[in-house]
Amino acid sequence: METATPPRPVEHHNAAAPQVEAIDPERDIDAKSTSIWLVTSLVFVVVTLWVLGLTFDFTIRGEHALKIDGAPRKELMQTRSHEADWLDKKAGDEVISAALMPTAEVDQRLSDADRRIQQATDQVISGYLNK
């Protein structure tokens, strides 16, 4: 009984064809060496990016401390004294009313606009009902 697979591999060598040899066997691609270089390069890139991230973070924190936390106290103290003088000159009720004045004006404008819209709506509805 014959099987579909031959018992031994069939060799199709042409005796007349010469074997191809590597041009430079010392510089031929080696999987082990290539893998080592690839992994080493990847580790180097990751470590370099991590160090750059730490350097960037350190620089940002230093600039933040220099420009914000170490802001000129003269400007801060001038602003605080100006605000304290303004608050001392006015009574508490005046400060609250001054702070709420824009809100009251906006509320008045909104109520005026609502009233005008309601009047226009009433006119349109009465115009349709009178027809």
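## Fold and model

Along its sequence, the protein chain runs α-α-α. It holds 3 helices and 0 strands. Both are DSSP runs, numbered from the N terminus: H or I of at least four residues for helices, E of at least two for strands.

This is a predicted model, with residues numbered from 1 along each chain as its sequence is written. Local features need pLDDT of at least 70, side-chain atom pairs count only at pLDDT 80 or more, totals for chains, interfaces and linings use all residues, and side-chain values use heavy atoms, without hydrogens and water.

## Confidence

pLDDT is the predictor's confidence in each residue, from 0 to 100. The protein chain averages 77, and 66% of the residues score at least 70. Helix α1 has the highest confidence, at a mean of 92. Helix α3 (residues 92–130) has the lowest, at 74. Where pLDDT is low, the predicted coordinates should not be read in detail.

## Surface

Of the 131 residues, 2% count as buried (under 20% relative accessible area; exposed is over 50%, partly exposed in between; 1.4 Å probe, protein chains only). The chain's accessible surface is about 13000 Å². Carbon and sulfur atoms own 62% of that surface. Areas come from the Shrake-Rupley method with a 1.4 Å probe; for residues, only the protein chains shown count as cover.

Val-39, Val-43, Val-47, Trp-50, Val-51 and Leu-54 make up a nonpolar surface patch. Patch members have over 30% relative accessible area and no salt bridge; nonpolar side chains (Val, Leu, Ile, Met, Phe, Trp, Tyr) are joined within 5 Å, like charges within 9 Å. Together the six expose about 570 Å² of accessible area. Val-51 sits in helix α1. Its relative accessibility is 40%, so Val-51 counts as partly exposed.

## Salt bridge

The count is 1 salt bridge (a side-chain nitrogen of Lys or Arg within 4 Å of a carboxyl oxygen of Asp or Glu). Asp-57 pairs with Arg-61 at 3.0 Å, N to O. The two are 4 residues apart in helix α1 (residues 31–69), so about one helical turn separates them. Asp-57 is partly exposed, at 34% relative accessibility. Arg-61 is exposed, at 57%.
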